[in-house]
Amino acid sequence: MEDMMRSLRFASAEALVSHPQVALQGLDSVAHNLYPLLFKASYLREQAEVIRPLLERWPLEEFRLGALLGPSADHEDDLRARACRACLEACVRGLADHVLRDGGPQRLQVADLTGVRDVQVPPCPCGRTLGRWGRTELLARTCCELQAGPHVARRPVKVLADIFVTERNFQAVVRALAPAGPAPLRVHCVSFRADNLGPGQLLQVLRLAGPGELRRLQVVHNVRLHAGHVQQLLAQVRFPQLASLTLPAKAFDAPPACTPAADGEDPLLTSIAWELSQMTQLTELSVAFSTLTGKIQKLLGPLRTPLKALDLANCSLNHTDMAFLADCAHAAHLEVLDLSGHGLLSLFPSTFSRLLRHAAQTLRVLTMEECSIADGHVSTLVLALGPCHQLQELRFLGNPLSARALRRLFAALCELPRLHWVEFPVPTDCYPEGTTYPQDELAASKFDRQKYDAIADDLHCMLMRAGREDIQVSTPVFGSFDPDIQETSNELGAFLLQAFKTALENFSRALRQME
């Protein structure tokens with residue numbers, strides 16, 4: 001009966017917000033504890049015209065978007081993957097209306113806009129989403145408008161946000177984070193992603209972003225950093241609460257003018273490792289596509305807390321690095337591990353097996369793409385994966401495995417009780433004879449799709465016969481979906497074209513000078 005009453009309550013809220021004019025007329029007389037219910041019902045129905053006035057009149061001390069959209073006693077559905085543009089715009093506009101509203105007490109102190117997930121196929125009926133970059137742009141622009149216009153002198157609202165900064169929204173974000181005068185909305189960054197920025201811009205905006213509260217920092221792709229920049233960033237901007245750090249490709253390369261030490265020591269790496277060791281909350285580290293041959297112990301050894309997530313893809317690890325990983329304190333705590341781009345089973349078979357054995361009790365996600373895993377390695381791989389009973393996701397794209405080898409591997413994967421997601425490569429049977437690995441995108445896309453479909457169907461039938469219909473399998477030939485790259489692809493594409501144009505101009509200038 002109690003569950004029925006809860007569902008009736010939500011159904012009543014849905015019915016009310018489905019008639020916006022009626023809902024708006026009665027908002028001021030609605031009990032304060034019903035506002036969260038009305039908000040979720042409005043979000044579910046995509047009634048932006050109700051969401052905005054709800055936020056304007058919000059009578060509670062806190063507005064936490066992720067919690068409001070998540071499963072609740074009244075409505076068990078999770079709406080956090082619905083990054084609906086109209087609804088999110090209404091939320092931010094409603095906050096602006098709230099701080100400008102005349103009359104009545106203002107109880108709202110914290111507006112937490114985090115918790116929304118960006119997915120490849122948006123479940124919102126309208127199909128129009130607002131990604132992290134767009135949400136950052138909207139919030140920054142709204143803050144700037146409030147700073148510029150006349151406003152009521154009231155207590156500012158603390159806004160918690162996931163910020164994504166590129167060259168295109170850099171100025172607006174800087175103005176939002178460092179207002180020249182009174183700011184009705186005060187932005188506090190919970191997570192921060194930077195792309196397509198210069199090192200100086202990155203340092204400037206991070207200093208303004210409240211680094212003392214920052215939990216997640218991602219510096220990616222077109223932020224060109226070397227080890228000198230990284231050392232300067234970590235030494236000058238403290239991140240005491242940081243739990244997750246991602247650095248871009250080549251972030252550990254020596255600065256151009258740096259002369260290698262005669263004794264072989266790397267003072268920049270030593271300094272970076274020391275700065276990382278001061279981050280006592282750090283549990284996730286991604287340093288993919290940096291050359292770290294023989295340096296893993298120096299980088300990870302000083303860390304005070306065990307890592308739960310580690311991305312060392314394409315870091316040119318050697319036997320010493322792998323041996324340290326297999327036996328270090330981090331191994332027994334790893335939940336997410338990416339070792340793509342290394343010959344794990346051809347170069348380090350016993351060490352890799354030992355690493356998985358030590359991580360077996362915690363490891364949930366394992367990625368080993370383009371690791372030269374061939375048919376002859378499948379037996380070793382099956383034995384190595386055997387103890388990993390907590391494994392939920394396995395990705396091994398880009399490896400030269402035949403259909404026969406995949407069948408043998410899938411038979412073993414059926415024995416992993418928690419496994420529910422597998423990304424497997426296009427079988428070698430589907431490519432022309434003599435195809436070499438690793439493949440570029442063009443070569444990877446030229447395969448016999450009819451033969452692939454037949455093999456994929458066979459693998460799917462294997463799972464069904466084993467009673468493992470819970471395992472989803474796919475072959476994303478061009479890599480997994482990244483919502484942040486998808487959203488900013490036009491800007492990053494323009495950046496790459498400009499970089500290519502500049503390189504051609506420099507080359508032409510050099511040729512003319514030679515003549």
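Me: Angles under 35 degrees count as roughly parallel, over 145 as roughly antiparallel, 65 to 115 as roughly perpendicular and the rest as oblique. At what angle do α4 and α6 pack?

Reply: About 30 degrees, with the axes 7 Å apart. Helix α4 is residues 48-56 and helix α6 is residues 85-100. The two are therefore roughly parallel to each other. Axes here are lines fitted to C-alpha atoms, for helices over the stretch in contact, and angles run from 0 to 180 degrees between N-to-C directions. Helices (H or I, at least four residues) and strands (E, at least two) are DSSP runs, numbered from the N terminus.

Me: What am I looking at, and what counts?

Reply: This is a predicted model, where local features need pLDDT of at least 70, side-chain atom pairs count only at pLDDT 80 or more, and totals for chains, interfaces and linings use all residues. Residues are numbered from 1 along each chain as its sequence is written, and side-chain values use heavy atoms, with hydrogens and water left out.

Me: Which residues make the contact?

Reply: From α4: Ala48, Ile51, Arg52, Leu55 and Glu56. From α6, they include Ala86, Cys87, Ala90, Cys91 and Arg93. Contact means heavy atoms within 4.5 Å. The residues split into eight nonpolar, two polar and four charged. Ala, Val, Leu, Ile, Met, Phe, Trp, Tyr, Cys and Pro count as nonpolar, Asp, Glu, Lys and Arg as charged, and the others, Gly among them, as polar.

Me: And how do α13 and α15 pack?

Reply: At about 20 degrees, axes 8 Å apart. Helix α13 covers residues 319-327, and α15 covers 349-359. They are therefore roughly parallel to each other. Their crossing is left-handed. On the α13 side the contact uses Met322, Ala323, Leu325, Ala326 and Asp327. Thr351, Phe352, Arg354, Leu355 and His358 come from α15. The tally is six nonpolar, two polar and two charged.

Me: New topic. How many aromatic pairs?

Reply: Nine in the whole structure. Rings of Phe, Tyr and Trp (its six-membered ring) pair if their centres lie within 6.5 Å; planes under 30 degrees apart count as stacked, over 60 as edge-to-face and the rest as tilted. With centres 5.6 Å apart and planes at 90 degrees, Phe410 and Phe424 are edge-to-face. Phe410 sits in α17 (403-413) and Phe424 in the loop between β12 (421-423) and α18 (441-445), so the pair ties together parts that are 14 residues apart in sequence.

Me: Is Phe410 buried or exposed?

Reply: Buried, and Phe424 is too. Buried means under 20% relative accessible area, exposed over 50%, partly exposed in between (1.4 Å probe, protein chains only).

Me: Which residues form the aromatic cluster?

Reply: Tyr35, Phe39, Tyr43, Trp58 and Phe63.

Me: Where is Pro306?

Reply: In the loop between α12 (296-300) and β8 (309-311). Its relative accessible area is 31%, so Pro306 is partly exposed. The C-alpha atoms of Pro306 and His330 are 4.8 Å apart, across 24 residues of chain.

Me: Which peptide bond is cis?

Reply: The one joining Tyr437 and Pro438, with omega about -5 degrees. Pro438 lies in the loop between β12 and α18.

Me: What's phi at Glu46?

Reply: Positive, about 55 degrees, although Glu46 is not a glycine. Glu46 lies in the loop between α3 (35-44) and α4.

Conventions. A crossing is left-handed if the near helix is turned anticlockwise from the far one by less than a right angle, and right-handed if clockwise.
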